[in-house]
Amino acid sequence: MAMEVHWIGVHALKMGLPQTAVNLIVTILLGVRAAQALEMSVGKIPFLQAVNGSTVLLPCTYTSCIGIEHLYFNWQFDHNGVMKKVCDAVIQSEGVVPKVKMYQDRFEFVGKNEKNNISILLWNITFEDAGQYTCFGRNRKEKEKNHSAIFSLIVVEELREVDNTLTIMIASAVGGAIALLMGFMLLKNFTLFVLSKLEEKNKECLVTSSGIDNTDNGLSGSKVDSKPKTPKQPNTKK
C-alpha cells in the first residue's frame, strides 16, 4: 500500500505543473526582478541645444528598489566614435558623497549624490563638445549588471528665434471660427425667443377676437345680460 502511494506521488511529480502556470510564474519573477533593477535617467528630455561659450548641465540620476551597495558610475563622451571617460566614482551607500575623479578639463561634478543625483557641469562649451554623453552605473547588489542613459548636447552659434506666424494665424482662424459659431448660436436662440413671443401674442389676439365675434352674434359666452327673465304668473282672479 505504501509503495502504491509512493508511485502515485512520483507520477504526479513527473507530470509537473501546466506549461501556462510555469510561464506565468517565470513572467512574474522576471517582472519583480526588473522592478528592482537599477535605472539611470537623464530626464524626460534627453537632449539640450546650447549656445557656444555657455555653461550647461548634463543631468543624471539613479533609482533602485533594492538599494545600492558600492555603486560604480561614470560619465563618458562619444568623441568621433571614441569613448572618452569624463569622470568616475564609487558610491559606498545611499546618501554618501562620493570622491569623484575627473579626467577632462572644464567638467565639474555637481550632483553630490543628493537625491541620487550624479549630474555634471560643463563650462564654456565649444562646438567640439557637441555629441552624446553616457551616464553609466553598476550596482553590486545586482551582480554587477550594467545600466546606462544617453544625453545629447547640441552646440549652436546662436539660438534661432522660432517663427510663430503660422501658429498665430491658425490660432486666430480657430478662435474666429469659434467666435462666429457662438455668435450664430446666440442669434439663433434670440430669434427663436422672439418668434415664440410673437406666437404667444398672436394666440392672445385670436382668443380676444373670437370673444368679440361671439358678442356681436349674441352667442353664449358674449357679454349680453344673462339674467333669466321672470315668467308671467297666470291671472287667477275671477
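Which residue in E9 is the bridge partner of Val56? The points below answer this and then go around the structure.

1. **The model.** This is a predicted model: local features need pLDDT of at least 70, side-chain atom pairs count only at pLDDT 80 or more, and totals for chains, interfaces and linings use all residues. Residues are numbered from 1 along each chain as its sequence is written, and side-chain values use heavy atoms, with hydrogens and water left out.

2. **Overall make-up.** The protein has 3 helices and 11 strands. Both are DSSP runs numbered from the N terminus: helices (H or I) of at least four residues, strands (E) of at least two. From the N terminus on, the order is α-α-β-β-β-β-β-β-β-β-β-β-β-α.

3. **Burial and surface.** The protein has 238 residues, and 20% of them count as buried. Buried means under 20% relative accessible area, exposed means over 50%, and partly exposed is in between (1.4 Å probe, protein chains only). The protein exposes about 18,300 Å², with carbon and sulfur atoms supplying 61% of it. These areas come from the Shrake-Rupley method with a 1.4 Å probe; for residues, only the protein chains shown count as cover.

4. **Contacts along the chain.** A contact means heavy atoms within 4.5 Å. Take the contacts between residues at least 6 apart in sequence: 53% of them join residues at least 24 apart.

5. The bridge partner of Val56 in E9 is Leu122. E3 and E9 pair in the antiparallel sense over 3 bridges. Two strands pair if DSSP finds at least two bridges between them. An open sheet of 3 strands runs in the order E3-E9-E8, with antiparallel pairing. Its edge strands are E3 (56-58) and E8 (107-109), each pairing on one side only. The twist averages 25° from one strand to the next. For such angles, axes are lines fitted to C-alpha atoms (for helices, over the stretch in contact), and values run from 0 to 180 degrees between N-to-C directions.

6. **Strand E11 and its partners.** Strand E11 (residues 145-156) pairs with strand E2 (residues 47-51) in the parallel sense over 5 bridges. Within that pairing, Gln49 has Ile154 as its bridge partner in E11. E10 and E11 run antiparallel and are joined by 9 bridges. Here Gly137 stands opposite His147 in E11.

7. **Positive phi values.** Most residues other than glycine have a negative phi. The hairpin of E10 and E11 has 5 residues between the strands, and Lys143 there takes a positive phi near 55°. Glu144 has a positive phi too, near 60°. Glu144 sits in the loop between E10 and E11 and is partly exposed, at 39% relative accessible area. Arg106, not a glycine either, has a positive phi of about 70°.

8. Asp129 lies in the loop between strand E9 (120-122) and strand E10 (131-139). Is Asp129 buried or exposed? Asp129 is buried, with a relative accessible area of 7%. Arg106 is in the loop between strand E7 (101-102) and E8, and counts as partly exposed at 34%. A polar contact of 3.0 Å joins their side chains. Such a contact is a pair of N or O atoms within 3.5 Å; within protein, one must be able to donate a hydrogen and the other to accept it, and residues adjacent in sequence count only if both atoms are side-chain atoms. Leaving out residues up to four places away in sequence, Asp129 touches Phe77, Arg106, Leu122, Asn124 and Leu153.

9. **Aromatic rings.** The whole structure has 4 aromatic pairs. One of them joins Phe107 and Tyr133: the pair is tilted, with 6.3 Å centre to centre and 55° between the planes. Phe107 lies in strand E8 and Tyr133 in strand E10, so the pair ties together parts 26 residues apart in sequence. Rings of Phe, Tyr and Trp (its six-membered ring) pair if their centres lie within 6.5 Å; planes under 30 degrees apart count as stacked, over 60 as edge-to-face and the rest as tilted. Phe107 is buried at 13% relative accessibility, and Tyr133 is buried at 0%. Ring pairs link Phe77, Phe107 and Tyr133 into a cluster.

10. **Ser41.** Ser41 is in strand E1 (residues 39-41) and is partly exposed at 28% relative accessibility. The side chain of Ser41 reaches the backbone nitrogen of Gly43 at 3.2 Å.
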